[in-house]
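Good morning, colleagues. Please bring up the sequence and the model on the screen, and I shall then take you through the fold and its packing.

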Amino acid sequence: MSKDSNSTPDIMPVPPSNEIHPRGLLEAISYIDQNFANELGGCMIKSRFLTTKQRLEFMEVGFRSSFASGIVSAFLTPVAIGVIEQYIPMFGDPSPTFFDKFSAFLLALGFSLGYAIFMAKASTCFIGEYTRAMVLNLLGGMIFGAIVKAVVAFIAFHFLYFKIFTDNNVVWAVTKLYYTKTSQGTVTSIYNWVQGFKGIFLISAYFVLISTAVFIIIPIIAMLVAWRRNRKLIDAGVVHVDTDSI
């Protein structure tokens, strides 16, 4: 006897013994994509099948990737703003062009925007309870990591401005240059540059807060759009799920 191939839903079966244990961001998103395809094919799984350990693993992956990459971007921010404010030459030009300033802006914000868009795509890959639980835990860890990063950077920049680059500390540091036979004019120039540049740390602190808010809002908006898409698919009868799973 032969079975009618058209009667079998187009899903990718996952052996029950192969538990989901994401170790990195790409692996976590791959699990979400695979199970999202299964759900679209008609294989609906209740959210309780995602164990507490697995939920924590998705949160850990989101936190780790968001915090680590965010810290690098945050501490590149003073460099980027320093270029825009003409304290740091870019490409060897002390008077940055529009292209130089735009490149500096991308240095400060480009990676976060790219990461947010990448997460936004992953945030749309749910329709049933199972994938929704994965996405919510991954996104929750990402948001928490971004907030912790913003707090750490905000405190660090204020600490640099109010505790490290104080007038007394700057004067003490530049006067040491006289021991290296540095001319008075050069020492004065360095002092003026440092006094002007240290204000960049305060600008950077608030810039990080704004960029973090944008970083968080983009995936959330994408998830809300996906929620509306799911409603339309369910109402049209394309996908069948329990009413309490949406």
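This is a predicted model: local features need pLDDT of at least 70, side-chain atom pairs count only at pLDDT 80 or more; totals for chains, interfaces and linings use all residues.

Residues are numbered from 1 along each chain as its sequence is written, and side-chain values use heavy atoms, with hydrogens and water left out.

The protein chain contains seven helices and zero strands; helices are DSSP runs of H or I with at least four residues, strands are E runs of at least two, and both are numbered from the N terminus. Of its 246 residues, 37% count as buried, that is, under 20% relative accessible area with a 1.4 Å probe, protein chains only, whereas exposed means over 50% and partly exposed lies in between. Among contacts, meaning heavy atoms within 4.5 Å, with a separation of 6 or more, 81% join residues 24 or more positions apart.

Consider now helix 2, residues 52–84, and helix 7, residues 199–235. Their axes lie 9 Å apart, at an angle of about 135°; axes are lines fitted to C-alpha atoms over the stretch in contact, and angles run from 0 to 180 degrees between N-to-C directions. The two helices are therefore oblique to each other, given that under 35 degrees counts as roughly parallel, over 145 as roughly antiparallel, 65 to 115 as roughly perpendicular and the rest as oblique. On the helix 2 side, the residues that meet helix 7 include Ala-74, Pro-78 and Ile-81; the partners in helix 7 include Phe-201, Phe-207 and Phe-215.

What of the interior? The largest nonpolar core has 30 residues, and Phe-58 and Leu-138 have the most contacts inside it. Such a core is a set of buried Ala, Val, Leu, Ile, Met, Phe, Trp, Tyr and Cys residues joined through side-chain atoms within 4.5 Å. Helix 4 gives the largest share of this core, nine residues. Apart from it lies another core, of 10 residues, among them Ala-74, Ile-81, Ala-153 and Phe-157.

Finally, Phe-197 is found in helix 6, residues 184–197. Is Phe-197 buried or exposed? At 11% relative accessibility, Phe-197 counts as buried. Beyond its neighbours within four places in sequence, Phe-197 is in contact with Pro-78, Gly-82, Tyr-87 and Ile-88. Its C-alpha atom is separated by 9.7 Å from that of Ile-81, 116 residues apart along the chain.
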